[in-house]
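Here are my notes on this model, point by point. Please keep the structure open while you read.

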Amino acid sequence: MMESNVTQQDHWDNMWKVGDTGWHNDKTHPMLAKYLDKLTAGKEKQKILLPLCGKTVDLKWLSDLGHTVVGVEFVKQAVEEFFQEQDIQYTVKDVEAVKGKVYKSQDGKIRLYLCDLYELNSSTEGQFDVVWDRGSLVAINVQDRTRYADHMMSLMKQDGRYLLDTYEYDSSKYGGPPQSVSDDVIHTLYGEKCQIERLEKFDSITEWMKINWHIEHFYEKVDFITFK
C-alpha cells in the first residue's frame, strides 16, 4: 500500500471500503457546471486538474466536453470504480516519477494518477489551464494547507484559473471531515500571489448535519482564483 502525506491513507481506504463516501455525487457538481465558462475562459480543449478526485463524474463530464482531465487520487478502489462505473476502457502503467501508477482512457483524455498528490509535479504532466478543487483542500490536514496551496499554484499556468469549493462552519462543535476553511485561511494561502474573487456563499446545512455534527450553519463557498 502506498503511503500518503496528504491525509491518513488507512482512514480513507477504509471509508471507501465500507462505502462511507457521502461526499460523492452521482451528478456533475452544480458549481462546476454553473461557472465552467468562466473557469475555461470560454476556451476549448483545456487541460484540467482535479486533485483528490475520488471517482467524481466531473471527470467524464469535462472529458465529454472535449477537455483533457487529469485526476490525482491515492485510493485505488476509487480510481478503479470510476472507470468501471463510467464504462471506460483503460490501461494501467507504472510511473516511477510519481512513485505510483497512471490509469489512462483509451483516447488519453482522462488520466488518473494513483499516487501521493505531492508526487505529481510539472515535470510529469506540465502545468494546467484549470484547477477544479472540490473536496480536496477541505480534506487536507490543517497543518499541510500551506504546502498544499503552494503545490496547487506550482501546477497552474501563469494565466491559469482555479475554482475552489470550500466549507465553513463552527469547528469547535465538529472537527471534520470536511474541514472548515475560513476566509482568512483562504486569503493567507492564496492571497499573496493571487486574486481571489468570491462567486458564491450559501448555507447548505441539512437536518442530518444539525443532529449529527451539532452545528447550526454549513456554508459552502466558491472562489475564483487567478495569479496577479
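1. Start with Leu49. Leaving aside residues up to four places away in sequence, Leu49 touches Val70, Val72, Leu120, Phe128, Val130, Val131, Trp132, Met152 and Leu155. Bear in mind that this is a predicted model.

2. Leu49 belongs to the largest nonpolar core, which has 44 residues. Leu49, Tyr113, Tyr148, Met152, Tyr162 and Tyr190 touch the most other members. At least two core residues come from each of β2 (68–73), β6 (128–134), α6, β7 (156–168), α7, β8 (194–203), α8 (207–213) and β9 (219–227).

3. There is a second, separate core. It holds 25 residues, including Leu32, Tyr35, Leu62 and Ile110.

4. Now the helix pair. The axes of α6 (residues 145–154) and α7 (residues 183–190) come within 9 Å and cross at roughly 50°. The crossing of α6 and α7 is right-handed.

5. Which residues meet in this pair? From α6 come Arg145, Thr146, Tyr148, Ala149 and Met153; from α7 come Val185, Leu189 and Tyr190. The contact divides into six nonpolar residues, one polar and one charged.

6. For the chain as a whole, the secondary structure comes to eight helices and nine strands. Of the 228 residues, 52% are buried. Among contacts with a separation of 6 or more, 66% are between residues 24 or more positions apart.

How values were computed: Residues numbered from 1 in each chain as written. Predicted model: local features only at pLDDT ≥ 70, side-chain atom pairs only at ≥ 80, totals over all residues. Heavy atoms only, no water. Axes fitted to C-alpha atoms, helices over the stretch in contact; angles between N-to-C directions. Helix = DSSP H or I, 4+ residues; strand = E, 2+ residues; numbered from the N terminus. Left-handed = near helix turned anticlockwise from the far one by under 90°. Contact = heavy atoms within 4.5 Å. Nonpolar A, V, L, I, M, F, W, Y, C, P; charged D, E, K, R; others polar. Core = buried A, V, L, I, M, F, W, Y, C linked by side-chain atoms within 4.5 Å. Buried < 20%, exposed > 50% of the residue type's maximum accessible area, 1.4 Å probe, protein only.
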